[in-house]
Amino acid sequence: MQGSTADTAQNTLATASQTEAGHHGEHPDHRIFGLYMFLFAEAMIFLGLFAAYLTFRSVAQVWPPQGTPELELLLPTVNTVILVSSSFVMNRGNKAIRNNDVKGLRLWFALTAAMGLVFLFGQGYEYFTNEFGLTDNLFTSTFYVLTGFHGLHVTFGLGLILLVLGRSLKPERYTRESHFGPEAAELYWHFVDIVWIVLFGILYLF
């Protein structure tokens, strides 16, 4: 009688476990979808800023206004190469964790963080050496708003990378099967890179 009761209990637990597993399988992780929606909203904000800048430029008789010092091109170009390259570096980190290589994740994400810091320092140096200020004219105001808002996003992305690095120190925190953190950080970083490419084009090249 006791053996029968024990067998029944084990069968019940096994059935419950299978049901629970099936339940979770029927409800996929929607966090990535939520992240895409967040990035879409952020993209709309940048799109509005770009549209405002292009409108200002199209209606102005002279753009930038007369007397505005020319933008330096060398430093922003180097910064662009660094930031775009960092996306490929970060992708190596995500490939590493998909192979259960946590050390590889840490290495490539640390390099990405270093490249992000170099970008921010480069932007700060550009601000410091610019021969114009925020309130000099409409062009300078939009320049600082656009680049500053993007720099804020780079800073946030850098924080995500450092958060992933910190959490990766916990054993089994990220594995082949569980790596939402690195994946989310990479998607956000790619978004920041794409925005900068557009920003660099409209501000410095065209």
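Leaving aside neighbours within four places in sequence, which residues is asparagine 94 in contact with?

**View 1. Asparagine 94 and its contacts in the predicted model.** Asparagine 94 is in contact with Phe109, Pro182, Glu183 and Glu186; contact means heavy atoms within 4.5 Å. The residue lies in helix H3 (residues 74-98). Helices (H or I, at least four residues) are DSSP runs, numbered from the N terminus. Asparagine 94 is buried, at 0% relative accessible area. Buried means under 20%, exposed over 50%, partly exposed in between (1.4 Å probe, protein chains only). Its side chain reaches the backbone oxygen of proline 182 at 3.1 Å.

**View 2. The span and end of H3.** The end C-alpha atoms of H3 are 37 Å apart, which agrees with the 36 Å that its 25 residues should span at 1.5 Å a residue. The expected span is 1.5 Å times one less than the number of residues. Asparagine 100, with a positive phi near 60°, follows H3.

**View 3. Helix H5 and its start.** H5 (residues 138-167) has 30 residues and reaches 44 Å from first C-alpha to last, close to the 44 Å expected. At its start, a side-chain oxygen of asparagine 137 comes to within 3.0 Å of the backbone nitrogen of phenylalanine 139.

**View 4. Phenylalanine 33 in helix H2.** Phenylalanine 33 belongs to H2 (residues 31-59). This residue counts as exposed because its relative accessibility is 54%.

**Notes.** The model is predicted: local features need pLDDT of at least 70, side-chain atom pairs count only at pLDDT 80 or more, and totals for chains, interfaces and linings use all residues. Residues are numbered from 1 along each chain as its sequence is written, and side-chain values use heavy atoms, leaving out hydrogens and water.

Key: Helix = DSSP H or I, 4+ residues; strand = E, 2+ residues; numbered from the N terminus. Polar contact = N/O pair within 3.5 Å; in protein donor to acceptor, adjacent residues only side chain to side chain.
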